[in-house]
Amino acid sequence: LQQTKTALDIARWDLECEFNNTDHRTELNGVERLIVRRGQSFTINLHLRSGVYQPGGSALDLTVETGPQPSEQYGTQASFGLTDQINTSCWSAAITSPPGNMVSLSICSPPDAPIGRWRLTLGQGGSVDFVLLYNPWCTGDAVYMDSEEKLREYILAQDGIIYRGGWKYPIPTPWNYGQFEDGILNACLRILDMNPKCLRNPGKDASGRRNPIYVSRVLSAMVNCNDDKGVLLGRWTDDYDGGVSPLSWKGSVEILRNWDTNACQPVRFGQCWVFAAVACSVSRALGIPCRLVTNYNSAHDTNSNLVIERYVDENGQLVQKSRDMIWNYHCWVENWMTRPDLKPGFDGWQVMDPTPQEKSEGVYCCGPIPLKAIKEGELTDKYDAPFVFAEVNADVHTFMKRKDGSTKKIISSVHVGLKISTKSVGSDRREDITHLYKYPEGSDEEREAFTKANHQNKLLQQQDNAGLLIVIKVSTEMRKGCDFDVFAVITNNTPNEKKCRLVFGSRAVSYNGILGENCGFKDLLNVQLAPGEGQVALRMNYSKYAENLTEDNLIRLAALLLDYGTQEAYLAVRNVVLVNPEIKVRILGEPKENRKLAAEITLQNPLPVPLQNCCFTVEGSNLTGGQVVTERLNSTVEPGQDAKVKIYFTPTHSGLRKLVVDFDSNKLCHVKGYRNVIIGK
């Protein structure tokens, strides 16, 4: 005879949030609510009103639901009872305590359950809410990563380094990702809820959240606001009325909070590294391993021909004739996941770019696309392979536009996709990952990838040994506020003397290639070049470049050499980064959890002019309580003098943390610095 089972009569329950969240590595989000990862069991303690739990004699019907239209067919609803032991491949529950009036109930979700807010109904006893995240520690999860050290960096680290500057001089900029700060997970879940696919078909969208490919594509569109109620509005001019300069941000927390608390109005303003950093924060918050990547000399190919055409006038200055651009650098993120939708071999890091550049399937988003597909030239793979392939591989053709309207191709060596960089695992060193995107130049594998990608221009290129060679050389370090020399170095490889014209100019430039005003210029009509090497210097005076520099601190040098004998033109172009002064941070006292701490912050004025309206701002995950701390100086800081403040904060968690600092003034804007602080228990 079948024994009749008695339903458990539940009086109350304890979600054991502190134990479960710690076990699921979500405790930094707080322990006030249940936040667990899929494919891993969690425990709820049930206190019975009457009767006792009897193995084999007690029953409990459980239901879990997510989204506004839960359905078993879409995997957004499941009903299940008690079993002898947990089954990690589906929703399951088992009692793990001995018979008695207090019952430990272990519940497990499948490793492909949709992420988001779930409701668990405990028979007639009531219901509880919890948040379910991706689980990169679970072998069955599509985002599984088999290195504890990498997971500490790509999921748990709340701060990082973004590389800006130029490929010859990468500048590390600290960033506070803050994915576990108060309110950030709610904002990330709201991003998913506000995406147009969810608003159109919420049931299908909730089901789609099982798939990190789908969610990464949604994030790529939602971090910018070009088609939706997304997080950030981009601006690439110097006019930041109605918002703040993208350089003023030190982290993602303020941005995500502003968006969430202001009815999803876009935060103003972002540029590529800000879009990428916010995408990194959201990916890590949801449980997708993520890292931020910088591509130096990044091509923006608008017509998908893998060629960037640049035009210069007879002074070697860039003339904007095409929407194709080369950005000094461009940042995106890589998310880690399997790609069951592609042929085998394309699992691992995937490029996802939230900066709005070109439309994909009618929306401003890009990716995810496997790095392997870019490297192998597999441009038909999803999503947006041709655009990313061009960013790191496009060919650059330069033409001179003469006054009479005619054009002539000129000899110029400009390479794109240089020194692709990310922060190293477990340290602040730069890791070069160019080899993950492309084969060594000139190798057979590179030619094979170009053949697959139909990149004919690169295949046809012959390295002709030009009679003349021109390059630009600079000092090892050019500091903002100093005067310095730059040099056009010309080599005459022929046995004869050459008569040439040299136009050597400099202009301020923004990081995305938009040219500003002249910073120094020289036009030599009669240069006699004997066989061998010679050089011409151009003096860069602070008094000349100071007022023309953009916030990016970049100057574009261009040297155009015209050979009167052959009528050939040779162009050398180089962007130089002017280095800001160092911010020094000294921690006063022993850093301990929940104990007030002081930091003394100093910056020496390197400019020949006084600094006014000086202001230091700092923030740090688990250091400044999720807030930005501001300290202003009332006095003027004379040349060579120190701007110095003391800032107080109270760390909330032990471990290694970054205190991120920004200095701003009338003449020296958004100088970044940081200090790693080890907080004791």
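The radius of gyration used here is taken over C-alpha atoms, and the globule rule is 2.2 Å times the number of residues to the power 0.38. This is a predicted model, where local features need pLDDT of at least 70, side-chain atom pairs count only at pLDDT 80 or more, and totals for chains, interfaces and linings use all residues. Residues are numbered from 1 along each chain as its sequence is written, and side-chain values use heavy atoms, leaving out hydrogens and water.

Q: What radius of gyration does the protein chain have?
A: Let's start with the rule: for 681 residues, a compact globule would come out near 26 Å. The C-alpha atoms fill a box of roughly 110 × 60 × 40 Å along the principal axes. The chain agrees with the globule value, as its radius of gyration is 29 Å.

Q: How many helices and strands does the protein chain have?
A: Both kinds of element are DSSP runs numbered from the N terminus, helices being H or I with at least four residues and strands E with at least two. By that count, the protein chain has 14 helices and 40 strands.

Q: Is helix α10 largely enclosed or left open by the rest of the structure?
A: Here, buried means under 20% relative accessible area, exposed over 50%, and partly exposed in between (1.4 Å probe, protein chains only). In α10 (residues 385-393), the buried residues include Phe387, Val388 and Phe389. Because 8 of its 9 residues are buried, α10 is largely enclosed.

Q: Which residues does Asn553 touch, not counting residues up to four places away in sequence?
A: Asn553 sits in the loop between α14 (542-545) and β32 (554-563). Asn553 is buried, with a relative accessible area of 5%. With contact meaning heavy atoms within 4.5 Å, Asn553 touches Lys480, Val576, Val577, Leu578 and Asn580.
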